Every structure is written in C-alpha cells, then in structure tokens.
Amino acid sequence: MDNAVKKPAKQKPVKPVKNESPKAAKASSPKRKKAVSLDKKKARAGWIFVMPFVIGLAVLYIPILFNSILLSFQEYVGSKVSFVGFENYQEALLEDTDFIQLLTTGLTDIVLNIPAIVFLSLFLAILLNQKMVGRAAFRAILFVPVILSTGLIDQMMTATGASSQAGGTEGQIDQGLQDESVTDQLISAADITRLFSNMKIGTELVTYITTLVNDIYNIVNDAGVQLLIFLAGLQSISPAIYESCSIDGATTWETFWKVTFPMISPMILVNAIYTVIDSFTKADNSVMSYIQTYYNTKSATVATAMAWIYFLIVVAIVAAVAALIKTFVFYQRRD
C-alpha cells in the first residue's frame, strides 16, 4: 500500500485574533516619518535667512537699547551718575523750545509729504508699466536720485553744504540767495488762488498744493524706491484679469479702481510705512541733526531723552498709518 494516496492532515482551526488596541497597533506598526509641509519648509528657510539679523539684534542692539533707555533717566555730574527719573524728558519737552518747534515743523512736513510721495510714485509706476519706447531709460532716470542720495556722493554733498554755510559773510550770502530763490518759485499761492477762483477751495488746500509743487524736486527724489516696489506689484498682476475686464466692457477707470487698486493695495501699505521711516531717519532730518548737535555740545542724557521721544512719535505714526491703510488692503488668496 505504498502507492496509496495519503490523506492530507487535518488543519487546526485558526482562532480569530481579537481586535488590538490603537496603542498596540501603533507599537506594532513600523514608525513613519511625518512629511513636512511646504509652508513649514518655507518658514524654516525664512528663519535661516534672517538668523544673522536675529543674532545681531540679540547680541548687539538690545544691550545698546537698554543702555540708551537707562541713560535717558540718569544725569552725570563729573564722574558720578545719579538717577533723575523723568527730569530729562521734562527738560526736552517743557524747557527746550527749539526742540519742540523743530519737532512740530518736521512732523507737519512729513505728514503732508507722505501722501504726495506715495501717490506720485504710484502714478509714475502706472505710466512706466505701459508699453512705450524708452521705458527702461525712464525707469533708470527716475531711480538715479536714489543712488545719488546714498553713500559717498551723499557725504560729499553734505560736506559741501556744511562748508558753504561756514563763516558769517558766506552765511549771509547764502541767506540772501535763499531769499532770492523764494521769489523764483515755480508757483505761488496767488497763482493757485487765481486758478481756482471759481471753485470753493479753502486756503489750506491752496497752501498745500503750492508747497507740493514748489517741493516737487525733493518729492521725486524720495519716490525712487517706492516706484520700484509699485512696478513689481503691477507686474505681478495677471494679464488675464485685464483681458477679462476688457471682454466684459469695463473702462480703464473702472479697471483701475476694481482691479489695479485692490491688487496694489498691499504695496501701498508697504510704501507708506517705508516712506514714514525713511523720512524720519534721513541724514538731513532737522530733528535728528538737532539731537546729534545737542548730544555733542550740551547734554548727552537730555539728548538721549529727546531721541526716545522722537522714536515713540515715529512708532505712533507708523502704527496709525498701518491701521488706516489696513482698512482697505486686499490680499489675493492663492489657493
């Protein structure tokens, strides 16, 4: 019976496995690395990019700021240092009339110039974004003042201006030339009044327009960086949006207010904040020059208090401008 077929052995029934707990299942399954999202990768790359600035801020600038704040509450009498509280701030705000006058005049000029610089740069950016002959040359020409107002050239011009004001006779000659230049302005308040004689426009607006037109050189010089930022924002708008507006029959005016202005509104916020900070920290700023002179000639502690007063005013204006412009800023979602 060797050739007889062997019957297969009976297999034991397999007992059903009870449901394992989730913790046991996780323990038994191999560990999987969590995939890092693209946003987290970009965030990490951003932190790596700004890490040198963060380290420099923590190691260098924060100790200097702390010492500056401490100095504004102190007074040096010989080699002794005494804590005087807010006396330095009271002297700067209540006793020094020149500082208050310069501060008021500077703030008024900057508040009036900020809208002019931002909207002029936006207007020029819209013009230079159009297709025309010599567009690249016009862009370069309008950006040249930014290059001339920085670095060695700016130092040479500042030194030349300082040397021209040295000496009593030369100072009187310069003052006479400045007085003559007032009569040679582009326009006067009387010209604007005659132009708008049939319109009900107040004298404050006439004075504001006159000041802007006569200061057009400085306004154009200060609008170079803002112009480039607006150009970058305009070129980021998809041409398909304008094509769809044209197909729907929208006019150029409607396209600007319904498409261009909302899409460019984040750049308006950036340029407004940049203009405020740039205006307050320029080398020819009268308030900063006065604080520097006061620090070198009179009292370092009072000058430090003036600097912190000026800084707090700048922060308040930046916060007010940002809060005002954020009410109409439109951010395009790219989902």
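Student: How much space lies in the second largest pocket?
Tutor: About 670 Å³. Bear in mind that this is a predicted model.

Student: What lines the second largest pocket, and which residues lie nearest its centre?
Tutor: The lining has 21 residues, with Met288, Ile291, Ala307, Tyr310 and Phe311 nearest the centre. Helix α15 gives the most, seven residues. The lining divides into 14 nonpolar, six polar and one charged.

Student: Why is Phe73 called buried?
Tutor: Its relative accessible area is 16%. Buried means under 20%, so Phe73 counts as buried.

Student: What makes Phe83 buried or exposed?
Tutor: Phe83 has 63% relative accessibility. The cut-off for exposed is over 50%, so Phe83 counts as exposed.

Student: Why is the aromatic pair of Phe73 and Phe83 called stacked?
Tutor: The centres are 6.3 Å apart, and the planes make 20 degrees. Pairing needs centres within 6.5 Å, and stacked needs planes under 30 degrees apart. Both conditions hold, therefore the pair is stacked.

Student: Which parts does the pair of Phe73 and Phe83 tie together?
Tutor: Phe73 lies in the loop between α2 and β1, and Phe83 in strand β2. The pair therefore joins parts ten residues apart in sequence.

Student: What makes the aromatic pair of Trp257 and Phe261 tilted?
Tutor: The planes are 50 degrees apart, with 5.2 Å centre to centre. Stacked needs under 30 degrees and edge-to-face over 60, so the rest count as tilted. Both residues lie in helix α13, four residues apart.

Student: Why does Trp257 count as partly exposed?
Tutor: Trp257 has 41% relative accessibility. That falls between the 20% and 50% cut-offs, so Trp257 is partly exposed.

Note on methods:
Residues numbered from 1 in each chain as written. Predicted model: local features only at pLDDT ≥ 70, side-chain atom pairs only at ≥ 80, totals over all residues. Heavy atoms only, no water. 1 Å grid on protein atoms, 1.4 Å probe; cavity = no way out; pocket = protein on both sides within 12 Å on 5 of 7 lines; lining within 4 Å. Points joined across faces, edges and corners; volume = space filled by probe spheres on them. Helix = DSSP H or I, 4+ residues; strand = E, 2+ residues; numbered from the N terminus. Nonpolar A, V, L, I, M, F, W, Y, C, P; charged D, E, K, R; others polar. Phe/Tyr/Trp six-rings, centres within 6.5 Å; stacked < 30°, edge-to-face > 60°. Buried < 20%, exposed > 50% of the residue type's maximum accessible area, 1.4 Å probe, protein only.
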